[in-house]
Amino acid sequence: MPMVEKLTFFSPEWITPLWHKLQDIRQKRAEEFHLIEKDFGDPVRMAKFYIEPNCQIDNPADVKEPGLSSFYPMPASTVVNELFANEYSIRDDGKTQLMLLSDAGAGKTSFLLMLKLSELTAFWPTRFRCVLLKCGVDTLDRLDAVQNKRNTIVLLDGLDEDRLALGEVTLRLNSLLSATVHFKS
């Protein structure tokens, strides 16, 4: 029986070769880089100094007694590789969606940007696309315009900066979750 190779969408071992490849393709894909840089900063500089964050299911601040958390920190790549590699027949039960929550400066945006850069530099599995968007007034329209949603992973960033979420976070979050249900993840 042949072994099935597990899909990998991001690996910290890719950082140095990814950074070198970004420098090579920057001129060829200048328009795409410009759009990323406008919303997320210089991707080449970020890749050069990137440090992968850890994540866990439990919020350590919510655990009443030290050592009682049922989940321990793990590299963020481990979590997303597991999520993205799975195939789900039902897409409206939340299993294809993941929220990264943390304090400002913990690395959420940088991690999402590294996922997008993995796709741009062809380190990403070729049959899947990655769309990285900053949340804003046109987000739902931009999501609706995406072709081949079933093979597209959408990364949304900046809910805390989204004008449509001000005072209406639950409503906005529900509309974003509904708009992303048909995507791979």
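Predicted model: local features only at pLDDT ≥ 70, side-chain atom pairs only at ≥ 80, totals over all residues.
1. A word on terms to begin: a pocket here is an open set of points, on a 1 Å grid over the protein atoms alone, with protein on both sides within 12 Å along at least five of seven lines, and its lining residues have an atom within 4 Å of a point. Grid points are joined across faces, edges and corners, and a volume is the space filled by probe spheres set on the points.

2. Residues are numbered from 1 along each chain as its sequence is written, and side-chain values use heavy atoms, with hydrogens and water left out.

3. Now to the largest pocket, with about 810 Å³ of space. It is lined by 34 residues, of which L98, M99, L100, L156 and D157 are the closest to its centre. Strand 4 supplies the largest share of this lining, five residues. The lining comprises 20 nonpolar, nine polar and five charged residues (Ala, Val, Leu, Ile, Met, Phe, Trp, Tyr, Cys and Pro count as nonpolar, Asp, Glu, Lys and Arg as charged, and the others, Gly among them, as polar).

4. Helices (H or I, at least four residues) and strands (E, at least two) are DSSP runs, numbered from the N terminus. Among the buried ones are K116 and E119. They pack against several elements, including helix 1 (15–25), helix 2 (30–40) and strand 3 (129–134). Just after helix 5, A122 has a positive phi of about 65 degrees.

5. The largest nonpolar core has 34 residues. Such a core is a set of buried Ala, Val, Leu, Ile, Met, Phe, Trp, Tyr and Cys residues joined through side-chain atoms within 4.5 Å. F10, F84, M114, L115, L117, W124 and L155 touch the most other members. Helix 5 gives the most to this core, seven residues.

6. Helix 4 is also mostly covered, with seven of its ten residues buried, F84 among them. Leaving out residues up to four places away in sequence, F84 touches F9, L115, W124, I153, L155, K184 and S185, where contact means heavy atoms within 4.5 Å. The cover over the buried residues of helix 4 includes strand 1, strand 2 (74–75), helix 5 and strand 4.

7. Finally, have a look at Y88, in the loop between helix 4 and helix 5. Y88 is buried, with a relative accessible area of 19%. It touches L83, K95, T96 and R150, not counting residues up to four places away in sequence. The C-alpha atoms of Y88 and S185 are separated by 9.5 Å, although the two are 97 residues apart along the chain.

How values were computed
Buried < 20%, exposed > 50% of the residue type's maximum accessible area, 1.4 Å probe, protein only. 1 Å grid on protein atoms, 1.4 Å probe; cavity = no way out; pocket = protein on both sides within 12 Å on 5 of 7 lines; lining within 4 Å.
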